[in-house]
Every structure is written in C-alpha cells, then in structure tokens.
Amino acid sequence: MVDKIKFGIVGMGARGKKIAEIFLKNDNIDLTAVCDNDDTQLKEWKKKSIDTYKDYDRFLQDSHVDAVFIATPDSMHVDMVLKASKMNKHILCEKPIGINKDEVTSMYNEIKGRDNVFLAGYVLRYAPLLQKVKKLIEGGVIGKLVNVEATDHINYGGYAFFHDWHRKKVNTHSLLLQKATHSLDIIKWMVDSKPKLLAAFGGLDVFGSRGAISLFGHTIGNDLHCCECDNRMTCGESIENCEKIKDIKWSDNWPDSCVYSDEVDVEDNFTAMIQYENDVKLSYTLCLFTPEYKREYIFLGDKGKLQVDDTTNTITITYRGSKDTDIYKVVAQGNHMDGDEGLVEDFIKCFYTKSKPIASLEDSVISTLTALELQDSVDHKKIVTFSL
C-alpha cells in the first residue's frame, strides 16, 4: 500500500476550510496539521485530533507534514512558499502566488529547480468544461485562434472583496490578482503563448468613498459595520441582503465592514487588452458590482467561433461559411466547476509519479505577473511590455 500524503494547511479561513473538506474525503491524503493565528479558527480541528499551530515556523517543523497548502492572505504567500521550500515541503499555494513583481520573480528564480511538487490554485484549468474547450481549440475546430473576448461579471464582488481585507491594496495590490487572474490564466492556457504587450483601465466607481457620497451624500469613515448600520435593510451590499437578495452566504461570521468605507482603495471594474507573443489578441472586462453572475469566453478563429458560458456549462461552436452549430454540455457540480477536486487529484498524481502539473510554477508566475503588469498599466496609464 502506498503511503498517504501527510498534508498541513496554513490559513483556516473560507478557502482553507474548503480544501480541508476535500482532503478529509480523499483516500490518498491525511490531514495531519493546521495553522492559523486565530484561536477560534483552530477549535474545530482540535476536536478532530488534528495538530494545531499558531506559529508557521513550528508548523513547518512538524515531521508529520509532507506537504503544505497555503491559504493565507495574498501578501503572505511569497514568504510562506520560500520557508516551506527551505524545509523541503511539497507545496500547494492558493493563487495568486504573490502581490509584488520583484518578490514573485525572485521567488521563481530561487525555487524553479526544486524536485518537490509545486502547484498553484489555478483551479479552472481542472474544470471539465474548460478542459473540453482546451481539447477543441487544440484540435483545430475553429482553425487558427486570432482573438479572444473574456468577461467576468461578479454579483458577489461586494460580499467577497469589499467587506474584508481584500478591499485594501496593501493586502491584495489589485483585484486583477485576486479575481481576474483565473480568467487571465485560462486565456493564457488556451492561447498557449506568453503575453507580449498589455494595457488596461480601471476605476473605483461604485464602492469606497465615491459610493458613500453617491448614496449618503457624505463619506462614512472606516468604523461602520453592517450589523449596526441603519441602512442594512435597504442596502443591496449589506451582509443581510446579500443572503436575502443574492443567496450569497459563505460563513456565519463573514466580515461586515461597510463596502463604502474611506479605506477602500482597490478598483471595482477593469477593461484590459493583451497581445500575446503568437499575435493572438485578448479583450477582457471585470466588473465586481453586476446584478447577475456570468463568466464568458469567446474564442474567434479563422474557421469559426467557440463560446463558453460557465453559468450553463455550455460550449457553442459556429462556423464561417456554414449554418451548422455544435453545442456541448458538460456536467460539473463541485466547487469552481469541479476544479478544486481536479487540482487536488493533480497534486496527488504529481506527488506519486513526479509528473508535471497542469498548473505549473512557471504558469503560475506568468499569470500572476500578467495581472501585476495590467495593474501597472492602470496606475501609470501606459502600455506595458511583459517580461519574465
């Protein structure tokens, strides 16, 4: 019998707990330890006789931890990856792998030759719907790929990113890193080429102090919480109404700082363009305050068009010079379109067979740097040349 992978998780927030659930159900994994600086996050794991730590260095010294899943805030990823690498751990790191270009590049150069497994959480590469798209494009069904249009309309943007730590650039740098990076990674995977030239525009137009002035006629400071707000019954972004109107509730104790606080400084919408080294062009839109959720990709080739809608798990192909239409429906029921489960299975495969992961270290670095370069374009109003 093959020995199980002894996994530890650092960061027991929503993402850490989600992956922990998958680990606990997997016959090839033993969840042996968890680490978090908040005692309340550790209580349930102590009850399950899993080792708990508040100190990351001590956690890494645990001889019963072969592999580490890093699910802490983004700004902590680089340092934690480097420490885990020095302790010879196998690493699964939540995306993005960092929020600073120099730090990410330095980390890549330091660990790129290591033998142990490294995977980043670009889970959409493992979604059956998008793996089908990859096969169709590689099979030439729409001919030579020329243009891509991608859209992320996020109706839970306020809930996910503007009530908690994501709302400040010092923590996330950009929501292009936190949210758009999924789509940017998928497009790079489909295009099969590095970015060459990048340009983007962004704005904080709905949340933050501008939103407060629009709604209340004045700014509100940083101390207002949904639970104590007189407008919580009418505000569409209150924790209560996110559940009532949008059916969004990820936790009973989700942070409830007001999305219109003065300290909010991350943009809430972007438009971006990328030209890749193979001359494929991308136009991309991210909006974090839409009424509905929709992720859509349109791939335009010299023989036809392939359209992906992840709300229906449908692929629609139309052809130049023909009235024919092909439609593929892909079944997916798990988190991230079954991508979370696929990510874990790929890690297990790489651990036992030493194969190359679908979401490799280099892929992860390119996708992270792509988001960083687009934010640089927003900040400095310039076209950026990609480099790695």
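Author: Buried means under 20% relative accessible area, exposed over 50%, and partly exposed in between, with a 1.4 Å probe and protein chains only. The model is predicted: local features need pLDDT of at least 70, side-chain atom pairs pLDDT 80 or more, while totals for chains, interfaces and linings use all residues. Residues are numbered from 1 along each chain as its sequence is written, and side-chain values use heavy atoms, without hydrogens and water.

Reader: Is Trp254 buried or exposed?

Author: The relative accessible area of Trp254 is 15%. The cut-off for buried is under 20%. Therefore Trp254 counts as buried.

Reader: How are the planes of Trp250 and Trp254 arranged in their aromatic pair?

Author: Rings of Phe, Tyr and Trp (its six-membered ring) pair if their centres lie within 6.5 Å; planes under 30 degrees apart are stacked, over 60 edge-to-face, the rest tilted. The structure holds 14 aromatic pairs. Trp250 and Trp254 form one, at 5.4 Å centre to centre. Their planes stand at 90°, edge-to-face.

Reader: Why is the pair of Phe351 and Tyr352 classed as it is?

Author: The ring centres of Phe351 and Tyr352 are 5.2 Å apart. Their planes are at 85°, so the pair is edge-to-face.

Reader: Is Asn155 buried or exposed?

Author: Asn155 lies in the loop between β7 (145-153) and α7 (157-162); helices (H or I, at least four residues) and strands (E, at least two) are DSSP runs, numbered from the N terminus. Its relative accessible area is 13%. So Asn155 is buried.
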